[in-house]
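Subject: Handing over a structure

Hello,

Here is the structure I promised to pass on to you. Have a look at it, and then read on for what turned up in it.

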Amino acid sequence: MDQAAITGESMPVEAGPGTRVYAASFARLGSLRVQVTGVGAESTFGRVIALVEQAETHRAPVQRIADRFSAWYLPVVLAVAALTFGLSGNVLATAAVLVVACSCSFAMATPVAVLASVGAAAQQGVLIKGGRYLETLAKADVLLIDKTGTVTLGRPQITDVIPLDGRSEVDLLTLAASAERYSEHPLAEAVRTAAAAHGLALGEPAGFQALPGLGVRATVDGTVAVGGLSLVPDAEAHPQVRALAGLGKTLLAVTVDDRLAGVLAASDTLRPEIPAALAELKKLGLTRIELLTGDHQGTAATLAAELGIPFRADLLPQDKIAIVGEYQAAGHTVVMVGDGVNDAPALAQADVGIAMGAAGSDIAIEAAHIALMREDWTLVPQSVRIARRTARAIRINIGFTAGYNAVGLSAAAFGILPMMLAAAAQSLPDLGILANSARLLRHPTPGRYPAADTEPGKAADENRPAAARQPGPPVARL
């Protein structure tokens, strides 16, 4: 059973009598009869939808920069006009004060900048559902990220090949892939993919036999069996096997003529661009980054240690939304990045939810406020940069308008600015706002990878890290 959508477990689990399974899971191999314990809103999936709806209802409203400024602008203008008339009695000067006060420029300050940024972001594969999320993202200081399918590829890959009987690693992988050649199990696919990535020629298995709950057996240069460690209980005593198990990896024993030949380790692998993207996010001010996953402690600990960030494991959807709420209650602005059904409530509750749109579930994309249309983590810091540039542009727009109006109101109040010039002058801030906001349309697009990796004249693919260019998953020990 592939239950990653609900539990976040990257590896499929064996389901048998007495096993609890969830709606929105997939039977990857075999069939099963289930007893329904909850339907509709009572199911786990139904409760996830209810959590999303509650989160959307209880999210705090975003107070926009222009709203705060305009709250006191009109009273100030009226006060200046009243003082002008009261002190000078000059009706034309009073009228000039009211005419030069360009209120429409304040109304334009935010939406024009937001419109330009949203359009530029869409061209780069970032779909933003509202300008208020740009303003909020610019203030974010906490980043919470899902694991399976978000920072990892979401599918098992062979990471270690450990021979234990004197064979070479290539021979062991060739035997295992040959025995698994016609198996439908997800881990069998990972073994075949690893062999194909290294150009290994597979043998034709004879007498193929699937062993439910254990693995497979076939004749390939002897009787070869591949499956869980239960095939050879003594394998767990081997130091290398214990070390791999401690890292949270899924282990496959390979036997030849009922003798242990070696062990293969599988795990969900990290997306190659993640470390650089997280480093850039820290530079942008998101100093608190935490991994949230429904996967097991051992698996999460290994990945979090590789990234150098804290983690929380064995989480259900309601646990993730509670963690988001904890940070918000402490005064933090929270960004949540996820892709699955189990991430949807936290995406909706977060100040800004970002969904991996290309691979994400429909409910996650619906609940999130920003959707990334490519499976590319470099778009996350790119989104933050867009938000920061937008916030700066809005502040410049408002600052310019405020300064311009202050000068104009003063000149009109003292009778320096005649009525006709005041009427003409009130349109100038609009042009300044349009010119400043238009800069956001020419938002620079940084390289897919850091500039240090790029050499002039090379094609983009040549500048990518080796791990990102490989045709298949790497096998660490080969």
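The lining of the largest pocket comprises 23 nonpolar, 15 polar and eight charged residues. In this classification Ala, Val, Leu, Ile, Met, Phe, Trp, Tyr, Cys and Pro count as nonpolar, Asp, Glu, Lys and Arg as charged, and the others, Gly among them, as polar. Please keep in mind that this is a predicted model, in which local features need pLDDT of at least 70 and side-chain atom pairs count only at pLDDT 80 or more, while totals for chains, interfaces and linings use all residues. Residues are numbered from 1 along each chain as its sequence is written, and side-chain values use heavy atoms, with hydrogens and water left out.

**The pocket**

The volume of the largest pocket is about 1,100 Å³. A pocket here is an open set of points on a 1 Å grid over the protein atoms alone, where a 1.4 Å probe fits, with protein on both sides within 12 Å along at least five of seven lines; lining residues have an atom within 4 Å of a point. Grid points are joined across faces, edges and corners, and the volume is the space filled by probe spheres set on the points.

In total 46 residues line the largest pocket, and Pro12, Val13, Glu14, His185 and Leu187 lie nearest its centre. Helix H8 (186-197) supplies at least two residues of this lining, as does each of the strands E4 (206-211), E5 (215-219), E6 (223-227), E7 (250-256) and E8 (259-270). Helices (H or I, at least four residues) and strands (E, at least two) are DSSP runs, numbered from the N terminus.

**The six-stranded sheet**

Strands E4 to E8 turn up again in an open sheet of six strands, ordered E3-E8-E7-E6-E5-E4 with antiparallel pairing. Two strands pair if DSSP finds at least two bridges between them. At the edges are E3 (152-163) and E4, each of which pairs on one side only. From one strand to the next, the twist averages 20°.

Starting from the E3 side, eight bridges join E3 and E8 in the antiparallel sense. Proline 163 is opposite glycine 262 in E8, and isoleucine 162 has valine 263 of E8 as its bridge partner. Strand E3 also holds aspartate 160, which counts as buried because its relative accessibility is 10% (buried means under 20% relative accessible area, exposed over 50%, partly exposed in between, with a 1.4 Å probe and protein chains only).

E8 itself is mostly covered, with ten of its twelve residues buried. Its antiparallel pairing with E7 runs over seven bridges, and leucine 251 stands opposite alanine 265 in E8. Helix H8 lies across E3, E7 and E8, at about 65° to E3. For such packing, contact means heavy atoms within 4.5 Å; axes are lines fitted to C-alpha atoms, for helices over the stretch in contact, and angles run from 0 to 180 degrees between N-to-C directions.

Most residues other than glycine have a negative phi. Which residue takes a positive phi in the hairpin of E5 and E6? Aspartate 221 does, with a value near 55°, and three residues lie between the strands of that hairpin. Aspartate 221 counts as exposed, at 65% relative accessibility.

The hairpin of E7 and E8 has two residues between its strands, and aspartate 257 in the turn has a positive phi of about 55°. Aspartate 257 counts as partly exposed, at 48% relative accessibility.

**The seven-stranded sheet**

There is also an open sheet of seven strands, in the order E1-E13-E12-E11-E2-E9-E10, and its pairing is mixed. E1 (126-128) and E10 (311-312) are at the edges with a single partner strand each, so one side of each has no neighbour in the sheet.

E1 pairs with E13 (residues 370-372) in the antiparallel sense over three bridges, and valine 126 is opposite leucine 372 in E13. Helix H15 (residues 379-413) lies across E1, E12 (352-356) and E13, running at about 140° to E13.

Best wishes
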